[in-house]
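Work through the exercises below with the sequence and the model at hand. Try each task before reading its solution.

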Amino acid sequence: MHKSVALLQPTPLLFGFLLLITCTFTACKALAKNKDKTALTKQYFQGLNSLNTLSIKHLLGDSINSTEGLHTQTYSKIKYLELLKWDAVFKPNYKILAIREKDGVVETKLTKLDYRIGFLHEKPFKMIQRLEFKQNHITAIETQYVDFDNTVWEANKNVLLNFIEKKHPEWHGVLYDQTHSGAKKLLKAITLVQTEAKAKTE
């Protein structure tokens, strides 16, 4: 009986083996968490490209802090999804150029082009975005624009605003109306300006 009890007692060798397995499991789990954040970021941009905002709903926290330059705004999940629906009308195309995770933050270098950006900026946005996570949900997005051409943007914005004022005054303020219906009106205005400009050159 005493021999059976002795056999059940952990030996130093067994203890060391269990410790090694525990450390390995913990390390693998930590690596998986780091990998998950990068994977979740890729899923986020894939969802934006697919124009399916519902596919990324589960990736978002209950609130999202969005920072662009000196401007910071906090959105509820519902309000942020409405903003993404506005953006989806212009059919965005995000391309990730580089991605890395450090200290719980995923930094991405990417480009973005859509109908609105193509008209106003005449070339893709180049951006650095930093995504912060809490319990595998995006809670903050910081955007830094690289090589933004403010001269081209302002010139084309004025063309658009002048067109709206003369031809469709009922669309006043549509440039800043970040709702789904506002996006449709803005896209229509851009299309009409482009059509009018093309007709003048023919």
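**Exercise 1.** Find which helices and strands each supply at least two residues of the lining of the largest pocket.

Solution. α2 (12-49), α3 (77-88), α4 (115-120) and α5 (150-167) do so, along with β1 (60-68), β2 (71-76), β5 (125-134) and β6 (137-146). Helices (H or I, at least four residues) and strands (E, at least two) are DSSP runs, numbered from the N terminus. The largest share, five residues, comes from α3.

This is a predicted model, where local features need pLDDT of at least 70, side-chain atom pairs count only at pLDDT 80 or more, and totals for chains, interfaces and linings use all residues. Residues are numbered from 1 along each chain as its sequence is written, and side-chain values use heavy atoms, with hydrogens and water left out.

**Exercise 2.** State what L160 touches, leaving aside its neighbours within four places in sequence.

Solution. Contact means heavy atoms within 4.5 Å.

**Exercise 3.** Is A98 buried or exposed, or in between?

Solution. The relative accessible area of A98 is 34%. Buried means under 20%, exposed over 50%, and partly exposed in between (1.4 Å probe, protein chains only). A98 is therefore partly exposed.
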